[in-house]
Amino acid sequence: MSASGLTPDLDPVVPAPLVGARWCVVILAMIPLWAMVYPLNLQSSASGVWLGGGYESRIDLVSNLLLFAPLGLVAAIAARHRGRSAIRTVIVIALAVGVLSLACETAQLWLPKRDSSRLDLLTNTGGAVLGALAGCVIARRAVVTWSAMGAWLAPRAWWRRALIVLMLIFAVKTAPFDVSLDRQYLISRDRRVDLSAPMPDARRWLVHGGDARAATLELLRAASNVAMFAILSAALVVATCQSSAVMNRRASMAGAMAIALLLGGLLVVALELSQWPVRSRWVDLTDPATAAVGMLLGAVLGLIPASKAVSGST
């Protein structure tokens, strides 16, 4: 440990571990790949021009440039942490992302409403290269920060559980990741259901079934939202109480609940805003309202294991 005792030293021979780095790289690779081939309804014959030119808008250009940048950043940090040279790291990442992007652009010939574009191929690869260059520059500092976060989370099981629940809720909220960054589309988002947009088969069946099925869908949405955020809130309450006990702070249960609810409220706002660009997600006040109910319910239920956790650590 360093003199301050807050961050671990980096041994020149045995580097600090990067917890979850491989999973992070896999996830950051799967998200853009899914975005490039969604919806995966293959047609029998190819259409369009392979690697044609042009782009729809500047937003489309920028979004393709940023699509693989996080993957390049994290992959470069992980590679530099394992002792790979910067030049070799950038070249390998550029080749790997180029091959993945080329495969997706080729597959788009068999996907309706998708166009194979050489400009997309170049911007995807270029974004990964920019991310890799940035990762090589900040690699040492990023390893220190990443390792410190891993060391902080290691003895805090409830914070890890809250983080896992948060990631699952984010995946549920933004699936199937059919994101549109078109400005007019984002401005015109409202409560109405656009049946022309890609929708899961179960939801389309319920909506076309009339009032009874629509009411069933609304009830399922509300119940699942309450349950998800109740679990998240309970985990946050227990984690906050444990942290207070570990740091020898005499924080009351009410104070821990207030901190957890404040943090949970910010997460609710962020998660609901993340749904705005997703075409097949409904935008209304139902989700925030049921999320608030779930947060309050989870905070109350979380007091039971929280009191045991605090009493066990004192």
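Leaving aside neighbours within four places in sequence, with which residues is Leu 232 in contact? The model is predicted: local features require pLDDT of at least 70 and side-chain atom pairs pLDDT 80 or more, whereas totals for chains, interfaces and linings use all residues. Residues are numbered from 1 along each chain as its sequence is written, and side-chain values use heavy atoms, with hydrogens and water left out.

View 1. Beyond its neighbours within four places in sequence, Leu 232 is in contact (heavy atoms within 4.5 Å) with Ala 162, Val 165, Leu 166, Ile 169 and Leu 267. A nonpolar core is a set of buried Ala, Val, Leu, Ile, Met, Phe, Trp, Tyr and Cys residues joined through side-chain atoms within 4.5 Å; buried means under 20% relative accessible area, exposed over 50% and partly exposed in between, with a 1.4 Å probe and protein chains only. In the largest such core, of 23 residues, the members that touch the most others are Ile 169, Phe 229, Leu 232, Leu 236 and Val 237. Two or more residues each are given to this core by helix 7 (157-174), helix 10 (211-246), helix 11 (253-274) and helix 12 (286-313). Helix 10 supplies the largest share, nine residues. Another core, of 16 residues, lies apart from it and includes Ala 29, Leu 71, Ala 75 and Ala 128.

**View 2. Packing of helix 3 and helix 4.** Helices are DSSP runs (H or I, at least four residues), numbered from the N terminus. The axes of helix 3 (residues 69-81) and helix 4 (residues 86-107) come within 10 Å and cross at roughly 140 degrees. Helix 3 is therefore oblique to helix 4, as angles under 35 degrees count as roughly parallel, over 145 as roughly antiparallel, 65 to 115 as roughly perpendicular and the rest as oblique. From helix 3, Leu 71, Gly 72, Ala 75, Ala 76, Ala 79 and Arg 80 meet Ala 86, Thr 89, Ile 93 and Val 97 of helix 4.

**View 3. Val 26 in helix 1.** Val 26 belongs to helix 1 (residues 21-37) and counts as partly exposed because its relative accessibility is 43%. Between Val 26 and Leu 71, which are 45 residues apart in sequence, the C-alpha to C-alpha distance is 8.6 Å.

**View 4. Asp 120 in helix 5.** Asp 120 is placed in helix 5 (residues 118-137). With 12% relative accessibility, Asp 120 counts as buried. Neighbours within four places in sequence aside, Asp 120 is in contact with Asp 60, Asn 64, Ser 101, Glu 105 and Asp 115.

Methods. Axes fitted to C-alpha atoms, helices over the stretch in contact; angles between N-to-C directions.
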